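Please read them with the sequence and the structure open beside you.

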Amino acid sequence: MENQEKILDIPIEHERNIFGGLDLFVKKIEHTLNVDIVQRNGSVKILGSPHAVEEAEHVFLELIALSERGNTITEQNVDYILSLAMEHSRLSMAELDADLVGYTIQGKPIKPKTLGQQKYVKQIRDKMMVFGVGPAGTGKTYLAMAMAIQAFKRDDVSKIILTRPAIEAGENLGFLPGDLQSKIDPYLRPLYDALYQIMGADSFLKNSEKGLIEVAPLAYMRGRTLDNAFIILDEAQNTTPAQMKMFLTRIGFGSKVVITGDLSQKDLPFGAASGLEQAVRVLDKVEEIGFSYLTNKDVVRHPLVQKIVHAYEKYEAREKYKESRKPKNK
C-alpha cells in the first residue's frame, strides 16, 4: 500500500500546547500511529499509510479543538485521544470538554476528561443513587465531590455527608497516636483534601461548624435517617455486606447518593465478602440506581498510574486463569 501525506495547518498560538514540551506529544503520535510528522511554518505534514494518516489527522484536530477552548493539553489528553483513535472512535473531545461540572477554589474548571467519566457524571445528575466502580485515579470520588458541592450551592440539598469505612490497610488503628478522632482522621483525609480544593478550607470549616457538611466514618451512620442530603460513601469495597445494607437503608427523602469503590483494592480480612461486590449484584435491576464501571482508560492521574493499573489487571487475569486450570481435589 502506497504512503499518503496530509498537510494540516496548526494555529501558531496553539503550537507549543499541541506539540508538548520537546515535541513530546508529536513523538507519541508518531510512535503510536506509525506515521512520520514534519513540522514546518505553522503546519504539520503527516506521512504514512492512508488509514494511519487519517487517524493522526483526527488526533491533531481534536487537540486543536481542546486548545482553542483554553485547555492546557496534558499527556493524559493525548493518550486518551490516541486510544480512541486506535478503536476508530470519533468522539468529539470538544463536546466532552463542554460538560462543565464546576470550578475549584482557584477557578480551575472541573470537567469529565473521558467518556467513562462523562457517563458517570450524567448518571449522578439523572439517578437518585449511583455506584461508581473502577480503579484508582479515575476521578470517582473527586467528581462525586464536585457534584455534591454544586448541588449544595444550588440549594438542591441542605447538607453534604461524606463517609468511608475506617478499615486498616495492613495497619492497626490502636497503634496510631491520639484520641479516636485523631485515629480516624487519616482515613478521611482524601475527602478533606478534595473538599479544600473544590470549596476552600474556610468555606468548608464554616459549613462544617454549622453541621451542613459532615465527614465521618461509616459506623457513625448507624441509626440515622439521612434526608435532603448529598451522601458519598467512598472506598465502599471495604464495607462488609451488613455495613453496606445498613448504609443503603439510611437513605431518606430528597437525598442523592454516590457509592464509590475499587474492587481490586480490598483491605478486608482474607476471605471476607465485600459489601460493594454484593450490592452491585443484588441491585443491578433496580431502575432508580445507576452503575458506572470505569476502567484503566478513564485514569486521569499521571500516565504511569494508567500503566500500573493495566499491568495489575493483566497480572490478576493471568493468576485467575492459572487458578482455574489447577486440578480440583476430590
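1. The chain exposes about 17900 Å² of surface, and carbon and sulfur atoms supply 53% of it; accessible areas here follow the Shrake-Rupley method with a 1.4 Å probe, and for residues only the protein chains shown count as cover. This is a predicted model, in which local features need pLDDT of at least 70 and side-chain atom pairs count only at pLDDT 80 or more, while totals for chains, interfaces and linings use all residues. Residues are numbered from 1 along each chain as its sequence is written, and side-chain values use heavy atoms, with hydrogens and water left out.

2. Taken along the principal axes, the C-alpha atoms of the chain fill a box of roughly 70 × 65 × 45 Å. The secondary structure comes to twelve helices and eleven strands, where helices (H or I, at least four residues) and strands (E, at least two) are DSSP runs numbered from the N terminus.

3. Of the 330 residues in the chain, 47% are buried, a term that means under 20% relative accessible area, with exposed meaning over 50% and partly exposed in between (1.4 Å probe, protein chains only). Among contacts (heavy atoms within 4.5 Å) with a separation of 6 or more, 70% come from residues 24 or more positions apart.

4. Helix α4 (residues 75-86) has twelve residues and should span 16 Å at 1.5 Å a residue, which agrees with its end C-alpha atoms being 16 Å apart; the expected span is 1.5 Å times one less than the number of residues. Nine of the twelve residues of α4 are buried, including Asn77, Tyr80, Ile81 and Leu84. After α4 comes His88, whose phi is positive, near 65 degrees.

5. Is His58 buried or exposed? His58, which is found in helix α3 (residues 50-68), counts as buried because its relative accessibility is 13%. Leaving aside residues up to four places away in sequence, His58 touches Ser89, Arg90 and Leu91.

6. Rings of Phe, Tyr and Trp (its six-membered ring) pair if their centres lie within 6.5 Å, and planes under 30 degrees apart count as stacked, over 60 as edge-to-face and the rest as tilted. By this rule the count comes to five aromatic pairs. One of them, formed by Phe291 and Tyr293, is stacked, at 6.4 Å centre to centre with 5 degrees between the planes. Ring pairs link Phe131, Phe291 and Tyr293 into a cluster, and Phe291 counts as buried because its relative accessibility is 16%.
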